[in-house]
Amino acid sequence: MNYQSTGFAAQRFQVAIDIRTTAPMHVGAIEKGKYDSSTGRLYRNDGVQVGVGATLTRTQYVGDALLPVIPASTIAGKLRRAAAGLIYDSFLQRNLQVSPRLFNTLNTGTATTGLDGDSKTPELLRAARKEPFISLFGGTIFALESSVVVSTGWPLVQATVSTLMSDAIIELSSARGLGELTEVMAIVRKNDLTDGRDTRVDRLIGIEELAAYSAAEAGQRETSRAKKDSGEVGGKTDLRTLNAIEVIRAGVPIGLRLGVQSFSPAQLGLFLLAVQALLREGQIGGRKAKGQGFFVAEASRLLSVGADSRQSMALSSLFGSAQDGYPFPEHPVIDEAVDAGNDYLMTVVPGDLDPFAVDIQKPAAQEKPAKKAAAKGREVATK
Amino acid sequence: MTPLRVTFTFRTRMVVPTVDKPVDGPLCKAAYQQAYFGGHEDPVSQQYCVGLAKHFVGEQWCFMASNIVFDWAGPPSPLHYIKRQKIEDYFDAADIGLMRKMPGFNSSSGAQKAASVLTQTRQASSATAWLVADDAERVRELIGRLTHLGKLAHHDFGAIKDVAVEQDEEALQRWRSRPLPFGSEVASASSHALATTALRPPYWQRTNFVPGLLPLGL
């Protein structure tokens with residue numbers, strides 16, 4: 001593994017990226033609400049039954065202010081998958097395959113749901129520290145530590161300034177709260193069969209079939225209404241529905257803040273390349289197919305953290321423009337890291353990562369020989 | 001021995017702790033991390049090198065460091081997050097040849113289990129702990145390394161904004177508000193109750209549990 005540098009002292013860095021939404025962004029919350037279109041008001045969990053059902057966006061409090069956010073877990077998941085994606089690309093270029101266990105481990109952190117923290121030996125910890133991906137994202141059944149801290153993506157407004165890991169780079173939005181930072185969009189699902197807009201359906205499906213369908217629909221509606229009237233829960237019976245979805249408006253500035261404890265240039269390089277891949281994807285949240293969740297990074301910084309964990313110093317800007325694909329600027333720390341990260345990606349093999357993808361419930365000794373061979377990361381013929 | 005009071009203020013909300021946490025927990029973690037990131041051969045062996053005085057009862061001992069007392073500001077609010085598993089990822093990986101074949105998929109259990117987790121966060125205006133140091137400089141060094149308190153630190157919850165370490169004679173009494181070894185002469189029936197507990201970090205680890213005395217409150 002020639003990507004290990006011997007002279008690189010462990011250092012702590014922060015990455016600050018100020019993005020701006022270029023489309024409505026929706027990261028779904030577990031809570032549901034109601035939207036009253038006559039007043040334009042969105043009710044959140046207060047038991048009001050007025051209006052249509054609304055899917056809310058994820059929010060968090062800062063002081064007394066409830067603000068829309070990109071949850072840290074969403075960003076962290078995308079970052080881990082972005083790093084794993086770089087490794088997969090490299091494997092495929094070299095005709096290498098992975099086991100499902102390794103795929104699970106790299107994507108979501110563990111090959112199984114059972115933890116085996118007691119097997120965390122000094123040898124394992126040393127190996128984990130040397131492996132750039134594992135030392136960055138941790139996890140596995142050994143509950144290894146992650147050296148990445150991912151902060152909540154806060155809208156850049158006055159209320160969130162004191163919550164940010166490092167200062168905002170671009171201008172703050174003057175918006176103050178949910179209603180100014182979010183909007184509600186309607187989702188109408190049509191039933192083309194009963195709407196009668198397509199004149200071909202009577203010939204395409206047949207009058208008798210259509211009549212039977214309409215009768216069945218009407219019967220189901222009656223049943224559902226009777227259930228509701230008697231206090232039971234009645235299901236939706238019509239394909240034609242109206243729902244509302246709360247989104248962060250396009251044009252909202254949001255601060256993404258990441259911290260990393262770096263062991264080696266390769267590890268820092270993999271981290272920076274994964275952040276770059278995340279920005280190049282340029283989308284967070286649901287309804288991607290509907291063009292939602294897209295953003296651009298307007299400014300970025302790499303910061304060095306001092307001996308006191310709470311003091312940081314800006315080293316350099318980190319990424320060029322979106323139009324150019326977010327290239328890295330020239331800087332000794334960034335150059336060394338990115339070169340080492342690319343060297344790692346060119347040389348890593350599944351066998352380097354497989355020891356972290358073991359399953360205590362199914363020891364490797366009990367696996368079939370074919371699976372063991374696959375786990376060693378040998379070359380396979382191109383399909 | 002130096003009696004100290006440590007006061008933390010926070011930049012972000014905390015995940016509300018489900019049990020009381022002695023302050024030696026974060027210090028031991030900081031000592032472990034310092035060794036781990038510094039390239040020590042066996043970082044776990046360094047976890048108790050924290051500069052705190054120890055309280056012995058026979059062979060059992062604990063650090064002379066109190067539970068952390070939180071001063072909450074405002075009510076708690078729920079935090080929901082999910083561990084996502086998408087069958088499309090597996091299809092894609094098999095399609096492009098990354099895996100030999102599409103594995104079975106079950107997001108309700110086993111390797112591909114997805115999770116939906118609901119927890120509580122709350123803003124703390126401050127948190128205070130009292131401790132007795134054998135090596136006050138070592139304690140200050142480790143406190144300087146602390147970045148977060150509580151769960152989900154890797155998602156920046158419980159981020160420490162500032163720390164004040166001051167000499168405080170009260171610490172000679174108040175460190176006792178913590179799990180103590182069974183039979184400790186510093187506990188009384190009005191201050192502690194018999195329970196099974198860990199006396200040293202990691203406090204969550206069941207194999208560390210022994211009969212001990214838990215504080216009833218400050």
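This is a predicted model: local features need pLDDT of at least 70, side-chain atom pairs count only at pLDDT 80 or more; totals for chains, interfaces and linings use all residues.
Visitor: How many helices and strands does chain B have, and what share of its residues is buried?

Guide: The secondary structure of chain B consists of four helices and twelve strands. A residue is counted as buried if 20 or more other C-beta atoms lie within 10 Å of its own. Of the 218 residues of chain B, the buried share is 40%.

Visitor: Into which domains is chain B divided, and what separates their centres?

Guide: Domain 1 of chain B covers 2-74 + 123-178, while domain 2 covers 77-117. The C-alpha atoms of chain B fill a box of roughly 65 × 40 × 35 Å along the principal axes. Taken over C-alpha atoms, the separation between the centres of domain 1 and domain 2 of chain B is 37 Å.

Visitor: Which element gives the largest share of the side of chain B that touches chain A?

Guide: In chain B, 38 residues are in contact with 44 residues of chain A. The elements of chain B that give two or more residues to this side are α1 (24-37), β6 (77-83), α2 (87-95) and α3 (136-145). The largest share, four residues, comes from β6(B).

Visitor: How do the residues of the side of chain B that touches chain A divide into nonpolar, polar and charged?

Guide: This side of chain B holds 38 residues in contact with chain A. They divide into 14 nonpolar, 13 polar and eleven charged.

Note on methods
Residues are numbered from 1 along each chain as its sequence is written. Chains are lettered from A and ligands numbered from 1 in the order in which they are written. A residue is buried if 20 or more other C-beta atoms lie within 10 Å of its own, exposed if 12 or fewer, and partly exposed in between; C-beta atoms are placed from the backbone. Domain bounds come from an automatic or database domain assignment. Two residues are in contact if their C-beta atoms, placed from the backbone, lie within 7 Å. Ala, Val, Leu, Ile, Met, Phe, Trp, Tyr, Cys and Pro count as nonpolar, Asp, Glu, Lys and Arg as charged, and the others, Gly among them, as polar.
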